[in-house]
Amino acid sequence: MTIRTRKFLGTIALLMLVAVWSLLGMAVAQMPWLANSGLLQAIFYVVAGMGWVLPAMPIVSWMARPDLQR
C-alpha cells in the first residue's frame, strides 16, 4: 500500500475516531453523577479531551510508515 493511500485511509479513520469519541464524551458528560459535580466535570473534560490521542497514535504511526521497496 502506498503512503498516499495509507494517509487517505488514516485520515478517514481519525475523523471517525474523533466523531465517535466526541459523541461518547457528550453522552457521558450528561450523566447525573457527573453533571452535578464541578470537580468531576473538570477531571472528566481533561481526560476526555486528551484521551483520544492514545487511540490516534497507532493510526498516525501507521500512516507515516514509509512505502515498502519492491
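**Close-up views of a predicted model**

View 1. The buried residues in question are Phe 44, Ala 48 and Gly 51. They lie on the same side of α3, because the arc they cover around the axis is only 65°. Gly 38, Leu 39 and Met 50, on the other side of α3, are exposed. In general, an α-helix has 3.6 residues a turn, so residues three or four places apart point the same way.

**View 2. Helix α3 from end to end.** Helix α3 takes in residues 38–51, which is 14 residues.

**View 3. The aromatic pair of Phe 44 and Tyr 45.** The model has one aromatic pair. Its members are Phe 44 and Tyr 45, whose ring centres are 5.3 Å apart. The ring planes meet at 65°, so the pair is classed as edge-to-face, a class that needs an angle over 60 degrees. Phe 44 has a relative accessible area of 18% and is therefore buried, the limit for that class being under 20%. Tyr 45, with a relative accessible area of 48%, is partly exposed.

**View 4. Val 28 and its contacts.** Val 28 is located in helix α1, which runs over residues 3–29. Its relative accessibility is 27%, so Val 28 counts as partly exposed. Leaving aside residues up to four places away in sequence, Val 28 touches Leu 34 and Phe 44. Between Val 28 and Phe 44 there are 9.1 Å in space, C-alpha to C-alpha, and the two are 16 residues apart in sequence. Phe 44 is also one of the buried residues of α3.

**View 5. The largest nonpolar core.** Five residues make up the largest nonpolar core: Leu 14, Leu 17, Ala 56, Ile 59 and Met 63. At least two residues of this core come from each of α1 and α4. Helix α4 gives the largest share, with three residues.

Terms used
Residues are numbered from 1 along each chain as its sequence is written. This is a predicted model: local features need pLDDT of at least 70, side-chain atom pairs count only at pLDDT 80 or more; totals for chains, interfaces and linings use all residues. Side-chain values use heavy atoms; hydrogens and water are left out. Helices (H or I, at least four residues) and strands (E, at least two) are DSSP runs, numbered from the N terminus. Buried means under 20% relative accessible area, exposed over 50%, partly exposed in between (1.4 Å probe, protein chains only). Contact means heavy atoms within 4.5 Å. The expected span of a helix is 1.5 Å times one less than its number of residues. The arc is that of the directions from the helix axis to the C-beta atoms. A nonpolar core is a set of buried Ala, Val, Leu, Ile, Met, Phe, Trp, Tyr and Cys residues joined through side-chain atoms within 4.5 Å. Rings of Phe, Tyr and Trp (its six-membered ring) pair if their centres lie within 6.5 Å; planes under 30 degrees apart count as stacked, over 60 as edge-to-face and the rest as tilted.
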